[in-house]
Amino acid sequence: MRVVIVTESFPPDVNGVAHCALQTARHLVDRGHLPLVVAPATAAGPGPDAEAPCPVIRVPSLPLPGYPQVRVALPSRRVAAALVEHRADMVHLASPFILGVRGMAAAARLGIPAVAVYQTDLAGYARTYVHAGEAAAWRRIRSVHAAADLTLAPSSAAFHDLDSHGVPRVKLWPRGVDTVRFRPDLRDDALRRELAPNGEVIVGYVGRLAPEKQVELLAGVCGLDGVRVVVVGDGPSRPGLGEALPGAVFLGRRTGDELARIFASLDVFAHTGPFETFCQTVQEAMASGVPVVAPPAGGPLDLVAHGRTGLLVPARDAGAVRDAVDALAADPARRTAYGDAGRAMVEGRTWAAVGDQLIGHYGDVLAARRLAVAA
């Protein structure tokens with residue numbers, strides 16, 4: 001199968017959309033298919049695609065005002081040309097919003113089936129950044145995804161949101177996790193001594209540092225005796241978080257095996273953002289054998305079994321986050337039990353397993369197209 005993956009983000013970007021698009025391309029290659037990626041150009045310019053398993057076409061882009069880590073694709077004929085030149089059987093639209101809309105339009109003109117993967121809570125972002133526009137965001141989402149042959153939601157909460165806002169033809173497709181890279185036996189005592197020299201319980205956050213992530217809710221955790229907060233990531237909120245989280249250790253952006261070692265060396269993983277359609281970092285923490293504290297919203301609802309693999313606490317409630325961490329910090333046996341249960345829960349959620357599910361969805365769409373033509 002010849003697949004064109006049109007994605008709003010791709011490595012070297014570090015975010016859920018980029019990571020999922022990369023894993024999708026890798027799995028398609030592993031299964032003998034022929035993917036091609038179309039993505040916005042990076043600030044680094046030509047040559048950023050060393051880890052890509054297939055050809056990548058970069059479309060001119062500009063940084064998003066106020067958030068230069070995010071690149072927005074400019075109008076270009078390269079998307080349609082890529083579909084024609086690759087002789088695409090299927091178009092995979094990763095979190096379509098700007099570049100993906102052009103991919104959808106090109107696929108429709110050329111009569112190529114399209115599968116749209118919903119990954120970004122644009123309505124939540126509208127509430128966070130402009131304090132309005134949620135209805136307009138849903139109109140945009142509905143318009144884009146209604147044109148696809150199939151929309152794939154990463155969690156039951158995302159599925160419900162799409163369905164309740166009138167998006168048709170939605171199925172569930174979760175995300176995989178690299179259980180070989182992220183595993184408990186990478187726990188590093190030397191790293192732990194470096195991060196918490198007095199033997200503190202280490203509570204970590206990993207992800208973008210942006211307003212919608214609400215990392216400042218960890219302020220109360222910073223005040224707990226015998227607890228050290230460690231923050232991994234970068235983004236526009238980083239300057240203010242240094243003051244908001246006194247005593248926290250900021251490690252900046254970390255990836256790959258280094259990130260896996262950090263995950264495994266945590267005692268508790270705390271996620272604070274309520275706008276996650278999936279939340280890959282929660283799943284990586286669970287694979288690393290680390291108990292999770294997260295809000296009962298979006299993707300974490302499917303991932304965290306309250307009282308078994310972690311604790312779900314009310315969204316936007318700094319006191320609830322502090323109390324949950326305090327309870328786990330005081331109970332090592334509970335932390336171990338939750339961590340073991342979390343690892344067991346995600347062991348079957350490999351990228352190979354969910355990649356095969358995706359190929360199955362492609363097959364269903366192609367079969368439906370053939371039936372429609374025959375009718």
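Residues are numbered from 1 along each chain as its sequence is written, and side-chain values use heavy atoms, with hydrogens and water left out. Because the model is predicted, local features need pLDDT of at least 70 and side-chain atom pairs count only at pLDDT 80 or more, whereas totals for chains, interfaces and linings use all residues.

Helices (H or I, at least four residues) and strands (E, at least two) are DSSP runs, numbered from the N terminus. Two strands are taken to pair if DSSP finds at least two bridges between them. An open sheet of seven strands, with parallel pairing, has the order 3-2-1-6-7-8-9. Strand 3 (56-59) and strand 9 (170-172) are its edge strands, each pairing on one side only. Neighbouring strands in this sheet are turned by 20 degrees against each other on average, direction ignored; axes are lines fitted to C-alpha atoms, for helices over the stretch in contact, and angles run from 0 to 180 degrees between N-to-C directions. Strand 3 is joined in the parallel sense to strand 2 (residues 34-40) over four bridges, and Val59 of strand 3 is the bridge partner of Pro40.

Strand 6 (residues 90-94) pairs with strand 1 (residues 2-7) in the parallel sense over five bridges, with Val91 as the bridge partner of Val4. Strand 6 also runs parallel to strand 7 (residues 114-117), to which four bridges join it; here Ala94 stands opposite Val117. Five of the five residues of strand 6 are buried, where buried means under 20% relative accessible area, exposed over 50%, and partly exposed in between (1.4 Å probe, protein chains only). Met90, His92 and Ala94 point one way from the strand, while Val91 and Leu93 point the other way. In a regular strand the side chains alternate between the two faces of the sheet.

In helix 2 (residues 78-86), the buried residues are Val79, Ala82, Leu83 and His86. Seen down the helix axis, these residues fall within an arc of 100 degrees, so they line one face of helix 2; the arc is that of the directions from the helix axis to the C-beta atoms. Their cover includes strand 1, strand 2, strand 3, strand 6 and helix 3 (99-110), contact being defined as heavy atoms within 4.5 Å. Just after helix 2, Arg87 takes a positive phi of about 55 degrees.

Helix 5 (residues 134-146) has 13 residues and reaches 18 Å from its first C-alpha to its last, close to the 18 Å expected at 1.5 Å a residue; the expected span is 1.5 Å times one less than the number of residues. Its buried residues are Ala137, Trp138, Ile141, Val144 and His145. They lie on the same side of helix 5, because they cover an arc of only 130 degrees around the axis. Helix 6 (residues 156-164) lies across strand 8 (150-153) and strand 9, and runs at about 175 degrees to strand 9.

A further open sheet, of six strands with parallel pairing, has the order 12-11-10-13-14-15. Strand 12 and strand 15 (310-312) form its edges, each pairing on one side only, and the twist averages 20 degrees from one strand to the next. Three bridges join strand 14 to strand 15, which run parallel, and Val292 stands opposite Gly310 in strand 15.

A nonpolar core is a set of buried Ala, Val, Leu, Ile, Met, Phe, Trp, Tyr and Cys residues joined through side-chain atoms within 4.5 Å. The largest core holds 30 residues, of which Phe263, Phe269, Val282 and Val292 touch the most other members. Among the elements that give two or more residues to this core are helix 7 (189-195), strand 10 (201-206), helix 10 (256-264) and strand 14 (292-294). Leaving out residues up to four places away in sequence, Phe263 touches Phe182, Val206, Phe269, Thr281, Glu284, Ala285, Ser288 and Val290. Apart from this core lies another, of 27 residues, including Val201, Val221, Leu224 and Ala248.

Arg322 is placed in helix 13 (residues 318-329) and is partly exposed, with a relative accessible area of 34%. Not counting residues up to four places away in sequence, Arg322 touches Gly220, Val221 and Leu224. The C-alpha atoms of Arg322 and Gly226 are separated by 13 Å, although the two residues are 96 residues apart along the chain.
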